[in-house]
Amino acid sequence: MTATAPQPSLAAADGLPAGFRFGAATASYQVEGAAREDGRGESIWDRFSHKPGAVVNGDTGDVACDHYHRWASDLDLMVELGLESYRFSIAWPRVQPDGRGALNPRGVAWYRRLVEGLLERGIEPIATLYHWDLPQARQEVGGWAVRDTALRFAEYAGFMADALGDVVQGWITHNEPWVVAFLGHAEGRKAPGIRDWPTAIAASHNLLLSHGLAVDALRSRVNTPVGITLNLNPMRGDAAAASLLDAHQNRWFLDPVLRGTYPGDMVEAYERIFGPLPINPEDLDVISRPIDFLGVNYYNPTYVRASSEAPLGVSTFAPRGAVTAMGWPVDAGGLYDMLLRLRADYGDLEIWITENGAAFDDEKLVDGVVEDPSRVAYLSTHLEALRRAVRDGVNVRRYHAWSLLDNFEWEHGYDKRFGIVRVDYDTQERIPKRSALWYRDHIAAVRGGGA
Ligand code: FCB
């Protein structure tokens, strides 16, 4: 055990503020596996991934990276890379199998071991309460489309604060509620696979309400930082289309959380297209409870144009130029633009980059290291953009690379590899990629340990 692992010196260095930490992120369903072990309940992603045709190659998260059994050596790997912070998520059905009622002590104990293991290694544990794996039993009674799920989520948040509040050092209520609401309930590409816009809009509101209620539940129990993670994309292209998609994807979540209002242009557009919104304005008070940091997941800018066929009248397209294996444009300037925009529009908030990274197909195993030059370039240019934003006054305090490990990339299965460490899914062997070694050296250089 590396109880002696040095606490990194987090003094201001290399243009970064004091207290800035470098880390990596994962999510429960994408890495844990052990889907039926130790009393874990079924999640909507278990159900969805087992539906024929839902996921590429019929892949599921049943085994994933087997992190549930390999957590200790995975944490050792983080120490070798010099990581200072680890963002993981708690699988709600692992700790509360039906999404209500008694906790599953074996599930809770596993997270306690994980978090204590991080602390012993000098790594900051940041827990996300919801990274998309809703207990299936909650879905059976309406899932995020019904208000009661927000109340159950707040109860679960309180239980987790009681169980782990003495060891977890930062809490994130939700990961990317836009994806949950709209890709899960309007486009049906993700669990629970529903295709109904009014349901998606209702879900977005209940997710936001559940965030606010969870902030209250956490605040009454812990003194550690509490925030929410949004997927934010700067919009590029035709101005009217860009503004509408910005309202739908970015401002629909930023405004209620940070200003206590829904964007008027989007309310108007939704009502025009889908009819009256199922939103109780009194909830905005709860939704806008103060947070300590805003988590930002940044991958790419979105290019947009008017389209008469799309439900909102806008569609996206891939521009010319470099794209990742997901077809996402590579554009570090978008990160800078988004960070500056957040400061200009929402004031001096503390920001954590809770995900940033890329999948590429050009990885090659050479002498025991996976060479992934595109990912090295992606990470280095994005870290540079982050530093530029810090120099220009944005208060950024964390950077979590997505992801520590190759993992189950939702409907794309195991085909899309985002890890800085390669996972051989036949043997579960972890093989560092050049990007992991580059990141290790980068962190060491910043901390004065030499590269
Ligand atoms: C984000 C998700 C994360 C991962 C990356 C690639 O939208 O939060 O789980 O799938 O995209």
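This is a predicted model: local features need pLDDT of at least 70, side-chain atom pairs count only at pLDDT 80 or more; totals for chains, interfaces and linings use all residues.
**Salt bridges**

I started with the salt bridges and got 42 of them, taking a salt bridge as a side-chain nitrogen of Lys or Arg within 4 Å of a carboxyl oxygen of Asp or Glu. Residues are numbered from 1 along each chain as its sequence is written, and side-chain values use heavy atoms, with hydrogens and water left out.

One pair I looked up is R21 with E124, whose side chains meet at 3.5 Å, N to O. R21 sits in strand β1 (residues 21-25) and E124 in strand β3 (residues 124-130), so this pair links distant parts of the chain, 103 residues apart. Strands here are DSSP runs of E, at least two residues, and helices are runs of H or I, at least four, numbered from the N terminus.

**Ligand site**

Next, which residues are around the ligand? With a cut-off of one heavy atom within 4 Å, I listed Q30, H131, W132, N175, E176, N297, Y299, E355, W402, E409, W410 and F418. By class, that shell has five nonpolar, four polar and three charged residues.

I then checked polar contacts (a pair of N or O atoms within 3.5 Å). A polar side-chain atom of Q30 is 2.7 Å from a ligand oxygen. For W410 I got 2.8 Å to an oxygen atom of the ligand, and for an N or O atom in the N175 side chain, 2.9 Å. On its own the ligand has 290 Å² of accessible area, and the protein covers 94% of that (Shrake-Rupley, 1.4 Å probe).

Where are the cis peptide bonds I looked up? One joins A191 and P192, with omega about 5 degrees; P192 is in the loop between α8 (177-185) and α9 (197-219). Another joins W402 and S403, with omega about 10 degrees, and S403 lies in the loop between β13 (395-402) and β14 (421-424). W402 was also on my list of residues around the ligand.

Last entry: D38 is not a glycine, yet it has a positive phi of about 50 degrees. I found D38 in the loop between α1 (28-31) and α2 (44-49).

Note on methods: A polar contact is a pair of N or O atoms within 3.5 Å; within protein, one must be able to donate a hydrogen and the other to accept it, and residues adjacent in sequence count only if both atoms are side-chain atoms. Ala, Val, Leu, Ile, Met, Phe, Trp, Tyr, Cys and Pro count as nonpolar, Asp, Glu, Lys and Arg as charged, and the others, Gly among them, as polar.
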